[in-house]
Every structure is written in structure tokens, then in C-alpha cells.
Amino acid sequence: MTDPSMPATITLPAGFLLGASTAAYQIEGGASDGGRGPSIWDTFSHTPGRTAGGATGDVAADHYHRVAEDLDLIASLRLDAYRFSISWSRVMPEGEGRVNDTGLAFYSDLVDGLIERGVEPIVTLNHWDLPQALEDRYGGWRGRETAYAFEKYAEVVGAALGDRVRIWSTHNEPWNNSFTGYGHGVFAPGVRSHADALRAAHHLNLSHGLGVQALRRTITRADAQVSVTLNIFRVEAETPADAEAARRFDAVANRVFTGPMLRGAYPDDLIHDTQHLTDWGFVRPGDTEICHQPLDLLGINYYEVMHVRAARDVVDHPTAGTAFPGSEYVELFRPADLEKTAMGWTVEARGIEDHLIALSRDFPGLPLMVMENGAAFADDVSVVDGEQTVEDHERVAYLADHLAATCRARERGADVRGFLVWSLLDNFEWAEGYGPRFGVVRVDYDTLERIPKRSAHWLAQRCATRTLPALDVGAPAL
Ligand code: GCO
């Protein structure tokens, strides 16, 4: 007889995709190899003072040169799916016009290598590394032309990989791309202007719509699933009196993207809240119809709950703060009593459960996929029998709790099709450089050796057994 007080083992639903995610600039290296052109992240990371310790993606995890080894690593973990992004400037070094066949072949071979090993490839077209040429020519995402350049790029990649790749995302987290890159300026290209951030957000929305149309024209797989991956925030007001702050944050962080992309219009309250910054003249007649394309899937990146309250003082939150227009009214805070990761982010697995259920209700008929969830921890290396190991029990617990919460959300009616861990490998964590480690596989940045952590073994077990045993406190199940 089973003990009803013991949490039960969860069986993963049939067809549920379990895997891991990466992004081109964070892992590839080979920054000027094979005809790759520079991206805004090359320029930004090479500008003194922009990244921790002056870190760049020149080498990163050297995935560009170690792709065969990494494919075998992925196969050894028995992942159902592997999500990666394409470096636009590797495929089109000037951002538009000429196609670099060597760059395209790299991704085509990667797709073949995954399929040969029984791993489903999931492709993201834009994970922030815009070709520098488009920044120079059009002001990057501030320029409307960049949206049309993205359409052409999507067409090139769709035509090259669309016979084999089923699951696609146009963009990853346009929030960071626009507000952190053009508003807060702590990400490339390092511009600090609220008006420019809103402009960039619109051009990302427009390019999404154009990109979806381009993919539909070029992909030949009949079962293709076209998505966008958003870090829609789970926003929670501290008290009922903070509901107005939560509404404001939700408008400028979430609905600025979900409005045009999923509902076909910018929310009135967003326009009202930001009218002192811009007249929104960059939205031309017909644009929101283009943004609003039918999607097969919605990708969600979840890391923590955004706790919001009305600002007491002028504030600057470590991750957002001045990153968004209207921040002078909103304070984001992290409750002191909650566990934190090495990034200082709160650990709240129930947040992902509530979030997925709410999103499924907000967007009925649109299946969801968790495209990123994971955490950075200290990751001490120990040597056992002459072998290096990383006993990252905190990460195992984090992932087990969030995967269990995702499965519970499914049981409670959320149509969630998969869960991808951020990240396969330790990698270049943007402005934070190589300090934070998110991988289930450790990368020794001196030797570039890959060392699967305890969490990699745990993930491999989940993929192999399709079960998620209940965790005993302090003793991660393997
Ligand atoms: C994001 C990006 C990743 C990050 C990860 C950890 O979600 O911000 O997709 O590139 O590395 O989230 O910060």
C-alpha cells in the first residue's frame, strides 16, 4: 500500500519533450571563423567596462569547434530535444544580402547530427546577437528596416532547415533585446533611452510577424510548429494597494509583446502610460495585423516570480529598475525569506505552476513549452577517484521542483508540451561574463573540458526513465 503522506513519483506524459537549451553567442566561440561577421554582442563585449572582467564570446564554450563532442554529449544524456539559436551574422555576415554557406552548413550539420542521434532540434532565430552591420546601417532594432532584414534571414534559414526542423521560435525574450539592450543599456548595444526601447520593441514585434510569414513560406515539414519564446513575467503585487504598480509593470514588460503578437493590438493602458516618452508614431497602419500571426506554440522562459509594489522612492532594481519606462512608479523586490540562487534570484517553483495555468487560460488553444528554466549555483568541483565531479544538489532540487510543478500545471489543465533546462553547458552569461554557471555540464574554461554535473546525470535519468521521483530532502533522487 502506498503511503498517502509520501509524494508520489510523477510519470512524464507521453510525447512530453525534456531537454536543454543554449544560445549561439553564449556557447559557440569561433567568433571570426568560417566567415562569421560581427554581432552587436561582439562589439559590446569588446568595449571596456561593458561585461564583468571584460569577458567576450570569442571562445565561450568553443562549441563551434567542438560540435561533434557536444552532439555525443547530448546523445549520452538521452535528451528528447535540444534548443539552440542561430547566429544571424554567421549565416549573413552583413545582416542582409550575401549568405555565408559555411555558416549555414554549420547549422545544417548540427541538425543532421541531432536527428541521427534521435534528438529533436528546436531552432531560435534571434537570441539577441544582431549583426553589427544592421546596428550601423539602421540603428539595429530601432530601425524598421531591421524587421524586413529579419524576414529575409528567416526565409534563408527556413529554406535551409525547414525540411528537417519541426519546432521554431522567431525571437527569444524580446524584452531583454529591447528594454535591456536599448533602454537600460546593460546589454548590447548599450543604448539608454526609454523611447528607443519602445521603438525597438515594436520592430521586434513586427519582425516576429514577418518572420512567421517567412517561415510558413519556406518550411516544408507539414507538422511544423512556429512559436515565439517570451519571458512573460509572473507578476505578483505585494498587497491589493500595489495592484496599480503590477498593472503598469505587466503592461510594459508583458503586454507590450503579447498584445500585438497574440491579440493584434497594443494595450491602451500601455500607450497611455508611455505617452510622455513617445507618440508611438513608429507603429504604422497595418503593422499590428502583421505582428498578429497564428502560432502553433508559445515558448515560455521562467526563472522567478516578479514581486511588485508601488515605489516608495526612486528605485533601481538589480535586474529591471530603470530598464523599463514607468519604473519610477514601480518597485520590484525579492522577499528576504525566500531561497536565492547565485544570481540572487528567488526560488519559487509554485510560481511556474501558477504561471503556466494562468497563461493557458489567457491564451486558450495555444500550447505552451517551457523553453528555459534553470539556476546558477556555486558549483564546487571535487575530485573523486581521480575524476572531477560537481555535486550540484541545489540545481538538482531546483530542476526537480520546477519540473514537478510544470507537470502539476499540466494535470491542472495547462497544455504544456515540454520542459527545457537552461542550460546544457556553462556559458557566457551576457554582461555577467563567465561568473554565473547555469549548465548541467561544467565547462572548464582553461581546458574547455566538459564535465557532466550531478544534475546532468539526474536529467539523463529523467529522460531515460520518463519518471520524476519525489525528492527526499537532502538526498537528490538519481
Ligand atoms: C535569458 C536568456 C539566457 C540567459 C538565461 C540566464 O533567459 O535571459 O535566454 O540567454 O543566459 O536566462 O540568465
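A salt bridge is a side-chain nitrogen of Lys or Arg within 4 Å of a carboxyl oxygen of Asp or Glu. The legends below apply that cut-off to a predicted model. The structure holds 43 such salt bridges.

**View 1. K453 and D379 pair in a salt bridge.** Their closest N and O atoms are 2.5 Å apart. K453 sits in the loop between β16 (450–452) and α15 (454–465). D379 sits in the loop between β11 (368–373) and β12 (381–384). The two residues are 74 apart in sequence, so the pair ties together these parts of the chain. Both K453 and D379 are buried.

**View 2. D426 and R437 form a salt bridge.** The closest N and O atoms lie 2.5 Å apart. D426 and R437 are each in the loop between β14 (416–422) and β15 (441–443).

**View 3. Salt bridges with shared partners build one network.** Its members are E244, R247, R248, D250, R255, D269 and D273.

**View 4. E116 and R117 meet through their side chains in a salt bridge.** The N to O distance is 3.9 Å, and the cut-off is 4 Å. E116 has 66% relative accessibility, so this residue counts as exposed. R117 has a relative accessible area of 31% and is therefore partly exposed.

**Background to the views.** Side chains of opposite charge can pair when their charged atoms come close.

Terms used. Residues are numbered from 1 along each chain as its sequence is written. This is a predicted model: local features need pLDDT of at least 70, side-chain atom pairs count only at pLDDT 80 or more; totals for chains, interfaces and linings use all residues. Side-chain values use heavy atoms; hydrogens and water are left out. Buried means under 20% relative accessible area, exposed over 50%, partly exposed in between (1.4 Å probe, protein chains only). Helices (H or I, at least four residues) and strands (E, at least two) are DSSP runs, numbered from the N terminus.
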